[in-house]
Amino acid sequence: MNETRPVAASIGVPTPLVDGPDKVSGRARFAADYGFRETLVGRVRRSPAAHARIKRIDTSKAEILAGVRAVVTGADVAASYGVLPIAMNEHALAKERVRYRGEPVAAVAAVDVETAAKALDLIEIEYEALPAYFSAAAARAGDALRLHDDKPGNIERDVHFELGDVAGQLAMADLVREETYRNAEVCQVQSEPHAVFAEYDAERDRLTVRPSTQVPYYVHLMLARTMNMNQSRIRVIKPHIGGGFGCRTETLNTELICGLLARKAGGAVRLVSSREETFVTHRGRPETDTRLRIGMMKDGRITAVECEVVQRGGAYSGYGIVTILYAGSLIYALYDIENVKYDGYRVLTNTPPCGAMRGHGTVNTRFAFESLLDAMAHELGLDPFEVRRKNLIQAPTMTANGLLVNSYGIPQCLDWAEKASGWRERKGRLGPNRGLGMACSHYVSGASRPKHWTGEPHATVNLKVDFDGSVTILTGAAEIGQGSSTVLAQCVAETLDVDFGRIRVIASDSAMTPKDNGSYSSRVTYMVGNAAIEAAQKLRGILTEAAARKLEVRSQDVECLGETYRGGSQDQGLSFEDVVGEALVDSGTITVKGTYSTRPESHGGKKYRGAAIGGTMAFSYAAQVVEVSVDPDTGEITVEKVWVAHDCGKALNPLAVEGQVEGSVWMGLGQAMSEETRYHDGLAITGNMLDYRVPTIVESPPIEVGLIECADPYGPFGAKEAGEGSLSGFLPAMTNAVADAIGVRATELPLTPERLLGLLERTPRGRAAA
């Protein structure tokens, strides 16, 4: 018997991340930390040409060099790969053609770095130069050579839809304005360069790979495909990850190359990319041109929208099909808009492939939309907050393009941001060269349709309880620093009403944990969290039945008071350990499974080809205000403060949610002010952290976060997305603040001092031009 032991709540409590002690102490092992004395060094030979035929590769001299254990080329690659089943047009090592500077062509495994470098130099490669195209316009020109034979016009995907009466509603509007916006290509610049450690067991024909990835399951699939190996002979274990932000949401060529090298060498290989190689591997946000036309009534109501988006996608498909669809579909679900015409073009070019960077598909379109909305509000003499309020959605609802909106916290976000920033009292009263700007944004809580549809649940979680009374969560969900393992532990602890310290998490080992699609599109909290709760509910039922047997009462009469199970008010109760012991009788170790699948009504629309893209169980919402000061002589912008309200449904871990929101804002700040990948004839000239200008702590402003909890009816404890939705709002909020401060409106990002000075020179009227 045991005294009642109350247990502190887990949900809604600021909780340090469960992997934090390992990271701050140095115990955490990243992919580059694995290896032993016999581990070979992997290195990659990359193309110096942006576009060329490979006429000849001779590796014979490298193969006979002392200390070289393996050399691989495109001839060793069994098949192409890609993140989308319908767009697998990339090879781990180039076959027949190279399509961007830095594309892998050959690789070696050797006993040390010096030998590997010498072996790369001994590989003889002869190229035949082909015309190269470094802009979307050049690649779309009528006389441009096809980069891929099956892609006429070098269009990876074009998207066209028109819903409602766009022309008629534009004609009815009191004000119609059109503008073109350009966003530079940007890259994630995560703290850890790409790395992978692979071991091949020749006797058993088994491969174990530890990649720095967000999607271990997709890496597993692509290793099997490109190496022509049975999936059962491959094991993928995700180590600790030094950030991802979308650059690791698809299998990378280095992961496949390392597997090929390990198998050919018959041993262990570690392949660590340099920072420059990590930049060239890329998967960042594409350079984007957005032409936007909006109709508005005098009271601020939006009547219709026309939008054309052209993305420079790089040399291969990657996520391109999804990205160009997102850019159009997520015009919806933030405001009440019925009439939209969208034309999108994802263009193949001779630059490194872009991918699914944080805020995937929405950021550049949202910059254009919120910028033009602000300019039109100013022209009509309307307050920007009131314009947004005039266009609110009445949830629950289905948007015109078939997106489900069950919870909608943007009204509360607007109220919080307006009040916290002192907008009404301070707007227009800050003095010379200082201004306030605002914008709104939203994002999905995971895609309702997985990329690789198998009919399986979206998420599966196993819970194991044994003699020691611990509860082990087995999950394939990739912890990449966002706090997913901590959230799952909180969900299980809260559902079981046990001490948080009793929970341990084992994640992302294909030999031990159930399959999970990966950490992308902010899916883990919503989908895997729900699966964890279901598993914990099943386990609680088993424990309740065991307590009832021990207490000799009906199961419905058992009370769970923290870690004490009691059969009546006079009963001292059983400890959690006692109940577990009873539950183990006859059955032994207890394992339960929880799953989660999205509801069919969330799967997106059917009104145009690709309309399902954008479908989600829940949208997060955000509103933010940015205050800036501008030096008109130097063009330097200083962000003085940011106020951001984020509707996360329920902050399961407020500490982690605040960090995610702050990180989103900070990443938006980089894209808005300084970050830009640049190329010279296809050669990356910003492939280092000096030339690629990521903001430092010096440029980082105070960020005040307001957590808005507009609970989603199907989210885990009401929770939804928290790590991406605030990013896209910063860009237009900052440029709108600059317009308020000095009277010029930026249409191209990043807004560097040089660009701002150019704007000032072209707009001599100052504030009157805002």
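A residue counts as buried when its relative accessible area is under 20%, as exposed when it is over 50%, and as partly exposed in between (1.4 Å probe, protein chains only). Met222, at 4% relative accessibility, is therefore buried. Welcome to this predicted model, in which local features need pLDDT of at least 70 and side-chain atom pairs count only at pLDDT 80 or more, while totals for chains, interfaces and linings use all residues. Residues are numbered from 1 along each chain as its sequence is written, and side-chain values use heavy atoms, with hydrogens and water left out.

- Met222 sits in helix 6 (residues 216–227); helices (H or I, at least four residues) and strands (E, at least two) are DSSP runs, numbered from the N terminus.
- Beyond its neighbours within four places in sequence, Met222 is in contact (heavy atoms within 4.5 Å) with Tyr81, Gly82, Met88, Thr251, Leu256 and His452.
- Met222 and Ala79 are 143 residues apart along the chain, and 9.1 Å separates their C-alpha atoms.
- Asn253 belongs to helix 7 (residues 253–265) and is buried, with a relative accessible area of 1%.
- Setting aside neighbours within four places in sequence, Asn253 is in contact with Tyr81, Glu90, Ala92, Tyr100, Pro104 and Thr281.

**A pair of packed helices**

- Helix 10 (residues 363–379) packs with helix 18 (residues 727–742) at an angle of about 35 degrees, their axes 8 Å apart.
- Here, axes are lines fitted to C-alpha atoms, for helices over the stretch in contact, and angles run from 0 to 180 degrees between N-to-C directions.
- On the helix 10 side, the contact involves Val363, Arg366, Phe367, Glu370, Ser371 and Asp374, while helix 18 supplies Leu727, Ser728, Leu731, Pro732, Thr735 and Asn736.
- Sorted by class, this contact has five nonpolar, four polar and three charged residues; Ala, Val, Leu, Ile, Met, Phe, Trp, Tyr, Cys and Pro count as nonpolar, Asp, Glu, Lys and Arg as charged, and the others, Gly among them, as polar.

**Cysteines**

- With a disulfide taken as a pair of cysteine sulfur atoms within 2.5 Å, the count is zero.
- Cys187 is buried at 4% relative accessibility, and its sulfur is 7.0 Å from the closest cysteine sulfur, in Cys247, which is too far for a bond.
- Cys258 is in no disulfide either, as the nearest cysteine sulfur, that of Cys247, is 17 Å away.
- Cys258 is buried, with a relative accessible area of 0%.
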